[in-house]
Amino acid sequence: MTTVFVAGATGRLGRLVVDSLRRRDVEVRALVRPGNTEGRKAFAHDPAIKIVEGDIRDAGDRLTRELEGVDVLVSTVFGDAESVIDGQVNLVRAAEKAGVARWIPSDFSLAMDRLDYGENDLVDLRKKAGDLTRGSAVISTPILIGAFLDVLNMPWYGWIDWETGTFSYWGDGDQPVDFSTYADTAEWTAEAVLDPSSAGRTVRVVGEVLTLKELHQAMERGSGRRLEARQVGSVEDLGAEIERLKAVATDPMEYVLLQYTRAMVSGKGKLGPLDNHRYPGIKPTGVEEFFRQATRGHSAP
Ligand SMILES: NC(=O)c1ccc[n+]([C@@H]2O[C@H](COP(=O)([O-])OP(=O)(O)OC[C@H]3O[C@@H](n4cnc5c(N)ncnc54)[C@H](OP(=O)(O)O)[C@@H]3O)[C@@H](O)[C@H]2O)c1
């Protein structure tokens, strides 16, 4: 039986990855941080999930012991430099000592390999973790998926406002953009875990590629609601807005979402060539269907 250690198991993607692995009869070791009682409860029902209490920044050899006998390490952690850089490097060093063959880093982004340092503060953390673990005996399989629809649909993202019925977009709306869901990403992750030929390759998988004009139409069809499309500005205007915010921000979160938007609407973050054909068993959710499900129960205005 395959054994997989999941760091970040209590997070949004991590929980789905654990479910996808269990559906494939994989034995899971789920890392749960001390004090996260809700996280523990989520896995308590399944004897094939071993709860490992700890933090990826833990020093000493406890992580190594817990990684012994593991075939693949999956990281879906999200956080600051201490977790994403220092923590993931610490985890890979522990996995090296334990003899783990492969790992999937917590990348799950647009084409971060095409972005330069300085273009996106959160992508920089993941790029740095990748640079510091390159050459490790634990072979990496980064998975890139574009943008999560589940996140874009949040009002705080600034694109879609169901309250006011508006869709705000930067750029001309004609640049193709990659969209995926958390649930499909968990399925692809489980497939990559069970696919030894993915070792040392970047897996690029996407639910659907649409321009923002097409996204707008798909959202309207799926939700059954009209959304007024408002162009906020050009890609150049977006760059200037990011620089303006950077100069006054007290927290990178004040501009990092716009940095993701810039990578999407400029085309620099576009993925290709895609590997969807390697995992034909996965039929990803299209954008229209995603919004049909996401807005179900909300009455049309
Ligand atoms: N492409 C996109 O549009 C997009 C959007 C969002 C996220 N992402 C990426 O998707 C991945 C998963 O994100 P998510 O939304 O699932 O994040 P999330 O819900 O915030 O989950 C993060 C997980 O990491 C764990 N964690 C953080 N620091 C840790 C540490 N030091 N030791 C052990 N565990 C630690 C958290 O534990 P606790 O539960 O104890 O806090 C949690 O389980 C990340 O790589 C993120 O960058 C991509």
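Modeller: The model is predicted, so local features need pLDDT of at least 70 and side-chain atom pairs count only at pLDDT 80 or more, while totals for chains, interfaces and linings use all residues. Residues are numbered from 1 along each chain as its sequence is written, and side-chain values use heavy atoms, with hydrogens and water left out.

Colleague: Which residue has a polar backbone atom 2.9 Å from an oxygen atom of the ligand?

Modeller: A polar contact is a pair of N or O atoms within 3.5 Å. A polar backbone atom of glycine 8 is 3.3 Å from a ligand oxygen, and one of isoleucine 56 is 3.1 Å from a ligand nitrogen. At 2.9 Å from a ligand oxygen, the residue is arginine 12.

Colleague: Is phenylalanine 108 buried or exposed?

Modeller: Phenylalanine 108 is not a glycine, yet has a positive phi of about 40°. Buried means under 20% relative accessible area, exposed over 50%, and partly exposed in between (1.4 Å probe, protein chains only). Because its relative accessible area is 8%, phenylalanine 108 is buried.

Colleague: How does aspartate 25 count, with what relative accessibility?

Modeller: Aspartate 25, also not a glycine, has a positive phi of about 65°. Aspartate 25 counts as partly exposed, because its relative accessibility is 48%.

Terms used: Polar contact = N/O pair within 3.5 Å; in protein donor to acceptor, adjacent residues only side chain to side chain.
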